[in-house]
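Hello,

Here is the structure we discussed. My notes on the ligand site and the aromatic contacts follow it.

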Amino acid sequence: MNTFKALPPGSTIGIIGNGQLGRMTALAAARLGYMCHVFGPEKDSPAEQVALKATVADYTDQDALIAFANSVDVVTFEFENIPHESVQLLMKHVDVRPGWNCLHISQDRLIEKNFINSCDIETAPYQEVNSLDDLELAVKNLGRPSILKTTRMGYDGKGQALIRPETDITEAYATMANAPSVLEGFVDFQREISVIVARSVCGEWTAFEPAENKHVDGILDTSTVPANIPDGLIEEAVNIAVKLAEKMELIGLLAVEIFHTKDDRLIVNEMAPRPHNSGHWTQDACYSDQYEQFVRAVCGLPLGSVERRNDLVMKNLIGFDVEKWPDYLNEPNAKLHLYGKASTRRGRKMGHVNLVYPLGELPKEA
Ligand code: AMP
């Protein structure tokens, strides 16, 4: 099914996935008068606490998927790694935005990189690895350092092995546990940026300006706007994200992570067809944040203004960082966002804080 009628407020949005991205989407949906029904395998999830309804079921549970699809007016995703059969089943019952064409590209690093290159956009050089022999050949071709990544289900640096000059290739291959993988040449970047673009049912798009992202232990630590990149590259980064969204025929949001190299080239690392951690800054800097744009796009509404009103540093509260929450409440420029997770674990995203500054007054150290 694919209808182009706007869903009126009062309709119910089905969200596959029930983490913090679903939670913040449901909150934005509520502001516009929509209800949300979230679907995911975990009980007591961050999204469930703020949604009208939650189905706790596996992503392969056909009966649960059908009942879910029949209880909502449109389905979208805050988590893209859903089996093809499940998406097909949902599509038989309800509009699914974005569609399978977008999900399947971003579920697999190899398909994703082939797609990005087919759009004449640069990625790191890469080679498919399905055996130790493949890896030996790929390391010969791409050199060291290089990064071995599983093609599927990798996030926050998981499912990755850095091949350094001294790394034993057999040991590195063993860490992939025979999962299909890809070896990437190492990009000597000066910084990482990301662009989030929203694209509506009628092909209208808006893009948030690039944020500059810093990672610690493979996990996003901060996103800062404005990014410290030359003006020409801001436009180029936005053009890359828009081109990818258009070629994918995306309805919804696309987050594109990009390396800015030392010789001022832009190289796409990866992308996700959903709200993204590196877009949390938009909540306290833009008239219409990434979650509202997502809801507008998925419901067939016109997109809002992405104009930025402040400079901003988004700091992720990872694991026990969250214990500093009372301190942030005493900072006049800090906007605290907590995800309602009952237990704190090392490496777990517990919340974030947006540190807001007047335009042009970002602290030097940010
Ligand atoms: P990913 O899971 O692909 O987003 O990788 C996590 C982080 O590892 C990235 O944000 C980069 O900091 C780093 N990284 C990933 N791929 C490369 C690469 N080809 N060259 C250099 N650094 C990389």
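How far does a polar side-chain atom of His 215 lie from an oxygen atom of the ligand? The distance is 3.5 Å, at the limit for a polar contact (a pair of N or O atoms within 3.5 Å). The protein buries 91% of the 470 Å² that the ligand exposes when taken alone (Shrake-Rupley method, 1.4 Å probe).

On provenance: this is a predicted model, in which local features need pLDDT of at least 70 and side-chain atom pairs pLDDT 80 or more, while totals for chains, interfaces and linings use all residues. Numbering runs from 1 along each chain as its sequence is written, and side-chain values use heavy atoms, without hydrogens and water.

The ligand is surrounded by 16 residues (a heavy atom within 4 Å); among the closest are Lys 149, Gln 160 and Glu 270.

Elsewhere, the structure has 5 aromatic pairs (ring centres of Phe, Tyr or Trp, the last by its six-membered ring, within 6.5 Å). Tyr 59 and Phe 79 are stacked (planes under 30 degrees apart), because their ring centres are 5.4 Å apart and their planes at 20°.

Finally, the charged end of Arg 309 sits over the ring of Tyr 287, 4.5 Å from its centre (CZ of Arg or NZ of Lys within 6 Å of the centre and within 35 degrees of the ring normal).

Regards

Conventions. Polar contact = N/O pair within 3.5 Å; in protein donor to acceptor, adjacent residues only side chain to side chain. Phe/Tyr/Trp six-rings, centres within 6.5 Å; stacked < 30°, edge-to-face > 60°.
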